[in-house]
Amino acid sequence: MRFIETWTPATIIATRDLTSGIREFVLRPDGFTAEPYPVGSHIQVGVTIDGRPETRSYSLVGEMDPQGYRIAVRRAPDTRGGSRYMWSLRPGARLNITLPASLVQLDWTRRHVCLVAGGIGITPIVGAAQALARRNADVTLHYAVRSRADAAYLDVLEALLGDRLTVHAGDEGHRLDLNGVFATLPKNAMTLFCGPIRMLDAARHAWEAAGRPMTDLRYETFGSSGLLPTDEFRVRLKGEGVELVIPRDRSMLDVLNEAGHEVMSDCRLGECGVCALDIVDVDGEIDHRDVFFSDHQKRESRRICACVSRVRGTITVDTLRRADAV
Ligand code: FES
């Protein structure tokens with residue numbers, strides 16, 4: 001699926017702090033009329049980082065809102081600067097956004113749906129919980145956070161789900177046991193997951209260990225979460241004698257495009273694979289942060305999603321042979 005990116009100017013009409021590190025923004029496009037959007041929808045937001053225009057992707061929180069599009073941004077030091085920019089904005093600020101688009105496909109005929117969220121991964125899950133509860137599905141939500149004080153939207157979710165919501169707060173010693181959760185689900189249950197990539201790996205393994213079809217585990221993650229710290233790295237281009245530095249706050253995709261190499265992209269979330277480049281050589285370690293490639297493909301490391309994945313060291317890629325026909 002390809003997104004059609006239609007950009008539109010918008011105004012921040014309200015902000016509120018949900019926790020000490022998560023702020024909600026309501027963005028109202030000019031000429032806005034509220035229309036339903038699919039579960040798991042996100043929008044792109046034009047941000048400015050060190051004077052450069054960039055884009056960031058944020059999940060929409062909840063179902064259609066008559067006021068505008070609701071997003072929540074976690075202030076995160078180990079990221080590429082988007083959250084810092086968003087947190088600097090006040091109501092009345094103007095920015096450009098795209099219309100909602102979704103890659104998540106829920107099977108609405110399933111009776112049993114298990115929702116799993118890790119940290120800020122709760123944002124797309126809120127709307128899914130509302131839509132499923134409205135359809136009287138048998139829905140449960142497991143929400144993993146470091147501490148209960150870090151859990152956004154608890155009031156909404158408690159009112160919606162009651163005892164079908166379980167909060168797994170690390171500091172209360174109540175860690176999420178995905179093997180245990182998946183083992184007790186009804187046979188034809190489906191799971192929708194959103195959380196950091198380490199947690200997603202655990203979810204995939206637990207799902208497989210429970211003998212469930214991988215197609216019944218639907219997931220999203222965020223490109224800012226990887227297995228290695230977010231640091232500067234170097235990219236060499238095969239046959240071009242060029243070496244580019246990718247700063248810690250920028251993606252390989254953006255730097256390559258700015259240097260005129262025209263790498264195609266679509267979701268910019270590590271989900272579609274359109275930006276995948278062939279890897280020629282690595283001097284160091286690759287941190288695959290996408291959800292497009294399988295575990296096996298990541299171990300083989302023949303290609304890298306330039307929009308989200310990073311490297312510790314230096315990578316040589318071939319920008320001419322993109323894997324957009326994977
Ligand atoms: S643009 Fe979709 S994975 Fe990179």
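**Notes on a predicted model**

1. The second largest pocket lies between domain 2 (112–220) and domain 3 (233–322), because both domains give residues to its lining. The model under discussion is a predicted one.

2. The space in the second largest pocket comes to about 470 Å³. Its lining is made up of 13 residues, and those that lie nearest the centre are Leu-103, Gln-105, Arg-218, Tyr-219 and Glu-271. By class, the lining residues comprise nine nonpolar, two polar and two charged.

3. Turning to charged pairs, side chains of opposite charge can pair when their charged atoms come close. In this model the count of salt bridges is 23. One of them joins the side chains of Arg-16 and Glu-24, with an N to O distance of 2.9 Å. Arg-16 is partly exposed, since its relative accessibility is 41%, whereas Glu-24, with a relative accessible area of 2%, is buried.

4. A salt bridge also forms between Arg-250 and Glu-54, whose closest N and O atoms are 2.8 Å apart. This pair links distant parts of the chain, 196 residues apart: Glu-54 belongs to strand S4 (residues 52–59), while Arg-250 sits in the loop between strand S13 (242–246) and helix H6 (252–258). Both partners, Arg-250 and Glu-54, are buried. Through salt bridges that share partners, Arg-52, Glu-54, Arg-56, Asp-249, Arg-250 and Glu-258 are joined into one network.

5. Asp-287 and Arg-289 form a further salt bridge, in which the closest N and O atoms are 3.0 Å apart. Asp-287 and Arg-289 are both buried.

6. How many aromatic pairs does the structure hold? There are four. In one of them, the rings of Phe-32 and Tyr-69 have centres 5.4 Å apart and planes at 80 degrees, and the pair is therefore edge-to-face. Because Phe-32 lies in the loop between strand S2 (22–29) and strand S3 (42–49) and Tyr-69 in strand S5 (residues 69–74), the pair ties together parts 37 residues apart in sequence. Phe-32 and Tyr-69 are both buried.

7. Phe-182 and Trp-207 form an edge-to-face aromatic pair as well, at 4.9 Å centre to centre and with 90 degrees between the planes. Here helix H4 (residues 178–183), which holds Phe-182, is linked to helix H5 (residues 197–209), which holds Trp-207; the two residues are 25 residues apart. Phe-182 and Trp-207 are each buried.

8. A last point concerns grouping of the rings: Phe-32, Tyr-37 and Tyr-69 form one aromatic cluster.

Notes
Residues numbered from 1 in each chain as written. Predicted model: local features only at pLDDT ≥ 70, side-chain atom pairs only at ≥ 80, totals over all residues. Heavy atoms only, no water. 1 Å grid on protein atoms, 1.4 Å probe; cavity = no way out; pocket = protein on both sides within 12 Å on 5 of 7 lines; lining within 4 Å. Points joined across faces, edges and corners; volume = space filled by probe spheres on them. Nonpolar A, V, L, I, M, F, W, Y, C, P; charged D, E, K, R; others polar. Domains from an automatic or database assignment. Salt bridge = Lys/Arg side-chain N within 4 Å of Asp/Glu carboxyl O. Buried < 20%, exposed > 50% of the residue type's maximum accessible area, 1.4 Å probe, protein only. Helix = DSSP H or I, 4+ residues; strand = E, 2+ residues; numbered from the N terminus. Phe/Tyr/Trp six-rings, centres within 6.5 Å; stacked < 30°, edge-to-face > 60°.
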